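Here's a quick tour for anyone meeting this structure for the first time. Take a look at the model, then read on.

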Amino acid sequence: MVNVLTSVKGLPVLAGCVFAAASYPTIPTDLTTPVQQRLAINGPNSVAIGWNTYQELDQPCVQYGTASDALTLQACSASSVTYATSRTYSNAVTLTGLSPATTYYYKIVSTNSSVEHFFSPRVAGDTTPFSLNAVIDMGVYGADGYTIQMDQTKRDTIPTIDPSLNHTTIYQLANTVDDYEFIMHPGDFAYADDWFYKAKNLLDGEDAFQAILEQFYSQLSPISGRKVYMASPGNHEAACQEIPYTTGLCPAGQKNFTDFMTRFGETMSTAFPSTSAVETAKVNANKAQLLANPPFWYSFEYGMVHFVMINTETDFDDAPDGQGGSAGLNSGPFGVADQQLEFLEADLASVDRTVTPWLLVGGHRPWYTTGGSGCDPCQAAFEPLLYKYGVDLAIFGHVHNSQRFQPVYDNTADPKGMNDPAAPMYIVAGGAGNIEGLSSVGSNLTYNSFAYADDFSYAKVSFLDANNLQVDFIRSATGEVLDTSVLYKSHTEQFVVQ
């Protein structure tokens, strides 16, 4: 945060919208026009499609099939919801029974929509190599941006990015659309709570907050409407602004993670049923399914990977954004006492490494970082479980740069390094770009191997086989690989408990 602005950040909450200056997108003439499209893995062989409209839909529907000119299947729902202060309705439809690893074409039913496509999730146990991108702390951008100039006949159809979009990470995600299969984004979308950074918004905070959300998710939709985009919360989703102990002044729709819940709550997974032959794994997976609370904490499986998304903001002791937390945002709780940690333990215990050898965790606030203070309550709550069940890689953001650490536990580097360590490897991929800028890499830690804050960047994680995982940090503007590393894990134990 910019300290000099602290005194003015609260003014628009108290002021009327006399001089409206919010930069809202134009409302389409056809109010059923889908905008802000997004995809998510919703379960085994299942993808949820979410989108917004400027009117409530009686029955949101999606037509789909395996050929663009033969959308012979249709799925519908009754999910079209909004909240106070939002101009749009959030719609969600789930497609089930999909063939794995298959290109599907889809059209959101509207008199003003087009045929798009996505790649359906790989089934758990598929050993085909693949990559995902970790993109965290990404905010809205405006004019003076990038466009795509290349021979599109040599690749899959590339999402069309607004030429005025000044966001190098979205540009690079479009430019490399064939090189990864899905995206994980654990926290900090849009930065709507930073509306006060623009002087034109100072007397129109309520509308400015909503306008930033509409702008950002429209900018993201060419990517999130094409690639599965898995989300979990960060601190910038919590409230209308980050002044401690003032969230009570925020409008009803702009606190307690309201937009985040409305936007992603119907699309994210809970937890997958276990495909293990071991009964204990099935019992633990069923328990995790009952305790999951998407979009805050949940899990899914994809090929060789079991992936868990956690909530570092609320719902554990001394959670920074929780009731009485250090951030003073007094959000949540979103579950009963200990629900998130009980979910996490059951879920991690259910992972059969003969089915999904790789176990990853994604969350927002890191406890290992060179560029800002680590989250001590997060470390106390989560690190023992990540170590106990042999998590291979943990991905975080919050600090606005890129960092890679040697495998580490309890602030001590694993003596095996990257060659079959017991401790998790940690990375920070918070440099995707937002209005707050990049964070200094700060002082070095002995177990830090890479830190970069010269330009926007993100991480690409490639699962080469059951024993080798590669992490590349990518410079958004150029696609240059800034750092590369390979983690070897033997994965000889079917169920890890250490």
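## Aromatic pairs

Going by ring centres within 6.5 Å, the count in this predicted model comes to 34 aromatic pairs. Take Phe296 and Phe334: their ring centres are 4.0 Å apart and their planes sit at 15°, so this pair counts as stacked. Phe296 belongs to the loop between helix H6 (279-291) and strand E14 (298-302), while Phe334 belongs to the loop between strand E15 (305-309) and helix H7 (339-349), so the pair ties together parts that are 38 residues apart in sequence. Phe296 and Phe334 are both buried.

Phe300 and Phe307 make another pair, with centres 5.4 Å apart and planes at 5°, so they are stacked too. Both of these residues are buried.

## A cluster, and charges over rings

Phe296 and Phe334 turn up again in one aromatic cluster, along with Phe189, Phe216, Tyr217, Phe257, Phe260 and Phe264. Elsewhere, Arg87 lies over the face of Tyr24, at 3.8 Å from the ring centre.

Now for strand E21 (residues 425-429), where 5 of its 5 residues are buried. Both faces are covered: Met425, Ile427 and Ala429 are on one side, with Tyr426 and Val428 on the other.

Methods
Residues are numbered from 1 along each chain as its sequence is written. This is a predicted model: local features need pLDDT of at least 70, side-chain atom pairs count only at pLDDT 80 or more; totals for chains, interfaces and linings use all residues. Side-chain values use heavy atoms; hydrogens and water are left out. Rings of Phe, Tyr and Trp (its six-membered ring) pair if their centres lie within 6.5 Å; planes under 30 degrees apart count as stacked, over 60 as edge-to-face and the rest as tilted. Helices (H or I, at least four residues) and strands (E, at least two) are DSSP runs, numbered from the N terminus. Buried means under 20% relative accessible area, exposed over 50%, partly exposed in between (1.4 Å probe, protein chains only). A charge sits over a ring if NZ of Lys or CZ of Arg is within 6 Å of the ring centre and within 35 degrees of the ring normal.
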